[in-house]
Amino acid sequence: MSKYYLNYLDELESEAIFVLREVWAQFENPVILFSGGKDSILVTHLAKKAFYPAKTPFPLMHVDTGHNFPETIEFRDNIIKELGVQLIVGSVQESINEGRVDEEKGKNATRNALQITTLLDAIEANKIDCAIGGGRRDEEKARAKERFFSHRNDFGEWDPKNQRPELWNIFNGKHFEGEHFRAFPISNWTEMDVWNYIKRENIDIPSLYFAHEREVVWRQDSWIPNSEFLVLEDHEEVVTKKIRFRTLGDITITGGVESDADTLEKIATEVAGMRNTERGNRSDDKRSESAMEDRKRQGYF
Amino acid sequence: MLDKNQLLRFTTAGSVDDGKSTLIGRLLYDSKSIFEDQLKAIENTSKRKGHDGVDLALFTDGLRDEREQGITIDVAYRYFTTPKRKFIIADTPGHIQYTRNMVTGASTANVATILIDARHGVIEQTKRHAFIASLLQIPHIIVCVNKMDLVDFSEEIFNNIVSEFEDVSSKMLVKDVRFIPMSALLGDNVVNKSENMPWYQGAPMLHTLETMHVSSDINKVDARFPVQTVIRPQLEGFIDYRGYAGRVASGILRKGDEVTVMPSGFTSKVKSINLHDKELEEAYAPMSVSITLEDDIDISRGDMIVRSNNKPEPSQDIEVMLCWLNNSPAKSRAKYTIKHTSNSQKAMIKEVVYKYYINTLERNSEDTDLSMNDIAKVKIRITKPLMIDSYRENRITGSIILVDDSTNETVAAGMIV
């Protein structure tokens, strides 16, 4: 067999680097949407590779719900220091204070949907014409239809039925004033690919992904971390379990799984044997069959 | 999964009636690529809709409108992995009003799968799908003769369909065609070999996809490196560094190669090839790298670095097989932005030579209006030369899109003749 072919991880890497360079070439003011989760960490790592030896040319933008894992914020600040890039923070708390959004009430209240307003306000205020995200098509059925370059109108909305066709590797990022794009360099990666690559490249990720002891509550089929934001029901009990998180979102909605995987090697093995999707532990996606599609149409990540 | 495993992209065209969704569901289900929470959701929906057992077709459900209408509208991408390969499926609709979506899904595929209902044999839709696969130069075609359970697993019916298809495909440019008799509903010859068709000596579909030789499909002869952007770090240790960043479109570039920069024509030698902090001896398609040259030459986005003894043709007038993608028809002699690799120029459609009626595969040179889903041979005039190859030789440097400047929408995709 010829040696002139790439393995699947190299091909995914090459595709993502190509997309990131297209973003840089086609837009004036692009940013990376950084949540502190493994997917946005991966995108940031790929951006570093794409422009080496130059500095990563994208600021990181964090939509801060105020309901963070403290570990995520610490990780974010370290990566900003290491790369020497600018940090842009959009604060959901400020959006609430300014009366732009109303906080949800009740036991299952989250700030998840409120992020949309904060995100779009931050995009507008900072004149951002392309926000690079770590969205993957394998995550969810609405995301399976995403383009690499995904158009948003001047209200920040996504129109899934009227998307620009995307052929070969020719991306069309042309847009009018006030509109913006979302770019998804790791569209074609699966959760397993992400872990295999993180392992191969030995990429630093927050400690939350590794098995650790934590106070948790059993709710909606997963272990929700105890925090100052959690309102306990009478029948609910706080217990200590050895868990890890498969995805990272707000501390109020991100469920953990029981696990002993405390190295990248063990995580990759564990993920390979997983029988549930990673978003199965995210209560934001459980609200309805089209929960993700509805939020994405309004401008969600 | 082993580190040497390759990625294979394939496209499926078809409608619900052909059992396309069932086939994809079967591939995912039998290769154990479906998670339990997904399965549970599908079981619930199947029960609610009154189906017996699990309706595998529900795995490919997409947007809300598609669920309501029970059809695929847009291209959806799906993923699965076996111990041998990683697969990306571009799942596209099959009806004529979605030709543009089929063309989109086909543009990046190594393999096209075409579904035939064994009860109906080769129909108009089959011809259309084969035509699109040949137009987009997909190197391999797998013809899935499905629903064999409804024709008593008859070898004769299968053989008739094979020869019917060969009659059609002999008029097209298709290189490698394989036929598999199957029942996606029952799982025969999808992942597991059928016990109902002992007369079929070939491999099931998944094994065929896993073992198909695809690394020789990439053009390794013509070195083409479209420059995406120039990396100038101006940092200590890299003060004079000028890296040309891009993805090798085809061929192989090595350190020390004599290269020419198009369109300026300046020549130099490859000084280094880098991927992040690694220095490489050579780069080949589809690697993303940065290249430095021995000489200081003015190079920017849209230029192409090629080997001096093998150059593309700079052309201002090109002939293209064009697929119209947009709701508003082509405007006569209007200007569009043409995008070709990293280059972007203004262009005008000068002439529609003929239009294909893709259901009959007839050419018509009288009817020259271009509306959505039309495929036609056209002549395009460009303000400045593009560095082109023919699409048949090079899928990357042989393809273009047209963008309407008044809407910024991508209105057409073209394959250079």
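Colleague: Does B:Phe153 count as buried or exposed?

Modeller: This is a predicted model; local features need pLDDT of at least 70, side-chain atom pairs count only at pLDDT 80 or more, and totals for chains, interfaces and linings use all residues. Residues are numbered from 1 along each chain as its sequence is written, while chains are lettered from A and ligands numbered from 1 in the order in which they are written. A residue is buried with 20 or more other C-beta atoms within 10 Å of its own, exposed with 12 or fewer, partly exposed in between; C-beta atoms are placed from the backbone. B:Phe153 has 20 C-beta neighbours inside 10 Å, so it counts as buried.

Colleague: What is the phi of B:Phe153?

Modeller: B:Phe153 sits in the loop between strand 5 and helix 6 of chain B. Helices (H or I, at least four residues) and strands (E, at least two) are DSSP runs, numbered from the N terminus. Most residues other than glycine have a negative phi. B:Phe153 is not a glycine, yet its phi is positive, about 55°.

Colleague: How many of the eight residues of helix 4 of chain B are buried?

Modeller: Helix 4 (residues 99-106) is largely enclosed by the rest of the structure. Its buried residues include B:Arg100 and B:Met102. They pack against elements of chain B, among them strand 1 (6-13), helix 5 (124-135) and strand 22 (410-416). The count is eight of the eight.

Colleague: How are helix 1 and helix 2 of chain A oriented to each other?

Modeller: Axes are lines fitted to C-alpha atoms, for helices over the stretch in contact, and angles run from 0 to 180 degrees between N-to-C directions. The axes of helix 1 (residues 8-26) and helix 2 (residues 38-51) of chain A come within 9 Å and cross at roughly 75°. Angles under 35 degrees count as roughly parallel, over 145 as roughly antiparallel, 65 to 115 as roughly perpendicular and the rest as oblique. Helix 1 and helix 2 of chain A are therefore roughly perpendicular.

Colleague: What is the handedness of the crossing of helix 2 and helix 6 of chain A?

Modeller: The axes of helix 2 and helix 6 (residues 191-201) of chain A come within 11 Å and cross at roughly 50°. That makes helix 2 oblique to helix 6. A crossing is left-handed if the near helix is turned anticlockwise from the far one by less than a right angle, right-handed if clockwise. This one is left-handed.

Colleague: Which strands are the edge strands of the open sheet in chain A?

Modeller: Six strands form the sheet in the order 3-2-1-4-6-5, with mixed pairing. Two strands pair if DSSP finds at least two bridges between them. Each edge strand pairs on one side only: strand 3 (87-91) and strand 5 (149-152).

Colleague: Which strand gives the largest share of the side of chain B that touches chain A?

Modeller: Contact means C-beta atoms, placed from the backbone, within 7 Å. By that rule 59 residues of chain B are in contact with 50 residues of chain A. The largest share, five residues, comes from chain B's strand 2 (residues 76-81).

Conventions:
Two residues are in contact if their C-beta atoms, placed from the backbone, lie within 7 Å.
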